[in-house]
Amino acid sequence: MNKDCIFCRIISGEIQSDIIYQDEEVIAIRDINPQAPTHLLVLPRAHIPSLADVGADQEQLLGHLVHVANELAKSEGIAEKGYRLVINCGLEAGQEVPHLHLHLLGGRPLGKLG
Ligand code: AMP
Ligand code: ZN
C-alpha cells in the first residue's frame with residue numbers, strides 16, 4: 001500500500017471505482033477514461049511501480065494477471081472478435097499511474113500499433 005498511489009487507494013476502498021473482479025492477488029476495474037467500448041484495468045494488489053520491476057518473484061503474478069484478463073475478455077463478450085492487452089512501462093510509453101496495470105481493450109477494431 002502506497003498512500004500516494006491512486007490505484008492503492010482504489011484497492012483499499014478509499015477511492016470509489018467500478019470493480020469488475022477481485023481475488024487475493026488482483027483486482028480489475030473499469031477505466032475512468034475508456035478508449036474502447038471495453039476498457040478494463042487489471043492490477044495486482046501489491047504496489048509494483050511498473051513492468052520494469054517485475055522479476056523472477058513476480059512471474060506467477062504476471063501470469064495470473066494475463067489469465068484474469070483472458071477470463072474478463074470472455075465475460076465482457078469480446079473474446080471471439082479479439083482484444084488487446086497493453087502494459088505501458090515508463091515515460092515514453094505514456095505510463096501515467098506508477099502502479100503496474102494491464103489494459104484490456106476491445107469492442108471495436110483497434111487498428112495497428114504505431
Ligand atoms: P497508464 O497511462 O498506462 O498509466 O494508464 C493509466 C490509466 O488509468 C488511464 O487509462 C486512466 O484513464 C486510468 N485511470 C486513472 N485514474 C483512474 C481511476 N480513478 N479509476 C479508473 N481508471 C483510472
Ligand atoms: Zn499502488
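On a 1 Å grid over the protein atoms alone, a pocket is an open set of points with protein on both sides within 12 Å along at least five of seven lines. The model is predicted, so local features need pLDDT of at least 70 and side-chain atom pairs pLDDT 80 or more, while totals for chains, interfaces and linings use all residues. Residues are numbered from 1 along each chain as its sequence is written, ligands are numbered from 1 in the order in which they are written, and side-chain values use heavy atoms, without hydrogens and water.

**Exercise 1.** Determine which pocket ligand 1 takes up, and which residues come nearest.

*Solution.* Step 1: the space that ligand 1 takes is the largest pocket. A residue counts as near if one of its heavy atoms lies within 4 Å.

**Exercise 2.** Find the distances from atoms of ligand 1 to polar atoms of Ile 32 and Gly 94.

*Solution.* Step 1: a nitrogen atom of ligand 1 lies 3.2 Å from a polar backbone atom of Ile 32. Step 2: for Gly 94, an oxygen atom of ligand 1 is 2.9 Å from a polar backbone atom.

**Exercise 3.** State whether Val 68 is buried or exposed.

*Solution.* Step 1: buried means under 20% relative accessible area, and exposed over 50% (1.4 Å probe, protein chains only). Step 2: the relative accessible area of Val 68 is 4%, so Val 68 is buried. Step 3: Val 68 and Ile 15 are 53 residues apart in sequence and 22 Å apart in space, C-alpha to C-alpha.

Notes
A polar contact is a pair of N or O atoms within 3.5 Å; within protein, one must be able to donate a hydrogen and the other to accept it, and residues adjacent in sequence count only if both atoms are side-chain atoms. On a 1 Å grid over the protein atoms alone, a cavity is a set of points where a 1.4 Å probe fits but cannot get out, and a pocket is an open set with protein on both sides within 12 Å along at least five of seven lines; lining residues have an atom within 4 Å of a point. A molecule sits in a cavity or pocket if more than half of its atoms lie within 2 Å of its grid points.
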